[in-house]
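The sequence and the structure come first.

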Amino acid sequence: MLAALCAALVSCGGDRASVLKVYNWSDYIDESVLPEFEQWYQEQTGEEIHVVYQTFDINETMLSKIEKGREDYDVVCPSDYIIERMLNSGLLQPLDFASIPDSVNYIALNKSPYIQGVFRDINPSIDANDYSVAYMWGTTGILYNTEEVTAEEASTWDIIRNPKFAGRVLIKDAPRDVYGPVLIYLKQEELKAGTVTLQDLMKDSSDESIAAVEAYLKEVKEGVLGWEADFGKEQMTKGRGVVSLNWSGDAVWAIDEAAEVGVSLDYVVPEEGSTVWFDGWVIPKYAKNVKAATWFIDFMCRPDIAIRNMEETGYVSSNGSLEVLESQIDEEFEPQDLSYFFPGADSVCVNPVLYPGREVIERCALEHDWGADTDKLLAMWSRVKGDSASSWTFIIIAVTAIAALAAVVASRRKVSRRHSHVRRK
Ligand code: SPD
């Protein structure tokens, strides 16, 4: 309601300086932190702010709104390869936290050296750390129902086309996040032989590789229950799906929810390798409230806020503070070495789906922007998904046409019976 009022206020030329437009993934925040930000911002700056919060399901929708639509979002949350693309197209403003007092500069206070390093790798020519602050991160893997699927079956990407699970497989409707793992699977012999690296594959937009992934996905499609942006995790908790190519955060959420209703799920990053991804806050070129956007990004890095967002969504904050680590300690899990993320934490009991061990991270790679070749991927994606849509569309049209024809024939018969009845009289 408030968001609608604010949107109306802005569109009528109201005071844009008191509105902050945030565009984030759906199911990716504890929304109760938003009014708290409004209050905190007023305490810190003495100024009023109203957050207008909107969500998207996939990176490409968000990018198109900014790239083509030039929408004036103040702060958005793209993934790594989209940050790279936005940097290359001059769509981002450099971040400047100098005006935020040290005592509340949560970005400086809670930086993870690991995340800083990864963000430097996002774009070889521009340091993404100057334009973005990591929000959540995770891996892409297989979420599976342990009563129907063995750990061995789930340890390979081949599971998504295993006929045993036909009709019960869910695939993320996110072309890059599916392309990467499938290509890794298809090139496993070359990877083992060392003739290609995971990083090479993340940049491979050749026609040959796209065609190979397309052929594979057309096989997979036969057994797909749904191409989903967000509903997959619920389908898994209800036992409708048994295999889901998914992100680790959705997996954590689903595993917890499913346990409440007696459904047992687990998550694994297949042996062949996968992608590790990072979503980060950025301020786009067309933003109108850079000041509030800057404070908002800072607020999201406050440890207690980061913890609440993690608990609500299942995803892992990029915040490397001791407070966040302590909030995740759970003796139910085996100790593992997380010193790559939390310096000094070489034996901590933390959920390995949330924080994967070093050996998992080592078999994962960061996706990279393909520039103009992205169109080739999107075209392939709609061919894969579109084929099934068109066969279903054909069936629906055919059934409707037959039903309409039958109705016409039946009504003609009725009319002619009436006429012959009248003539007989
Ligand atoms: N429901 C929000 C999910 C956001 C996950 N981002 C993953 C991006 C992978 N490229």
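## Second largest cavity

Helix α8 gives the most to the lining of the second largest cavity, with three residues. The model is a predicted one. The elements that supply two or more residues to this lining are α3 (59-67) and α8 (175-186).

The volume of the second largest cavity is about 40 Å³. Its lining is made up of Trp25, Ile58, Asn59, Glu60, Tyr81, Ala174, Pro175, Arg176, Asp177 and Trp247. By class, six of these lining residues are nonpolar, one is polar and three are charged. Domain 1 (2-137 + 279-324) and domain 2 (138-276 + 361-413) each contribute at least three residues to the lining of the second largest cavity.

## Largest cavity

The structure has two cavities of 30 Å³ or more. The largest cavity holds about 170 Å³ of space. It is lined by 19 residues, and the closest to its centre are Trp25, Tyr28, Trp247, Asp279 and Tyr315.

Helix α4 (80-88) and strand β9 (274-282) each provide at least two residues of the lining of the largest cavity. This lining consists of eight nonpolar, three polar and eight charged residues. At least three lining residues of the largest cavity come from each of domain 1 (2-137 + 279-324) and domain 2 (138-276 + 361-413).

## Contact of α2 with α14

Two packed helices are described by the angle between their axes and by the distance between the axes. For helix α2 (residues 33-45) and helix α14 (residues 290-300), the axes come within 10 Å and cross at roughly 115 degrees. The crossing of α2 and α14 is right-handed.

On the α2 side, the contact is made by Val33, Leu34, Glu36, Phe37, Trp40, Tyr41, Gln44 and Thr45. On the α14 side, Lys291, Ala292, Trp295, Phe296, Asp298, Phe299 and Met300 take part. The residues of the contact of α2 with α14 comprise ten nonpolar, two polar and three charged. Among the charged residues are Glu36 of α2 and Lys291 of α14.

Note on methods: Residues are numbered from 1 along each chain as its sequence is written. This is a predicted model: local features need pLDDT of at least 70, side-chain atom pairs count only at pLDDT 80 or more; totals for chains, interfaces and linings use all residues. Side-chain values use heavy atoms; hydrogens and water are left out. Axes are lines fitted to C-alpha atoms, for helices over the stretch in contact, and angles run from 0 to 180 degrees between N-to-C directions. Helices (H or I, at least four residues) and strands (E, at least two) are DSSP runs, numbered from the N terminus. A crossing is left-handed if the near helix is turned anticlockwise from the far one by less than a right angle, and right-handed if clockwise. Contact means heavy atoms within 4.5 Å. On a 1 Å grid over the protein atoms alone, a cavity is a set of points where a 1.4 Å probe fits but cannot get out, and a pocket is an open set with protein on both sides within 12 Å along at least five of seven lines; lining residues have an atom within 4 Å of a point. Grid points are joined across faces, edges and corners, and a volume is the space filled by probe spheres set on the points. Domain bounds come from an automatic or database domain assignment.
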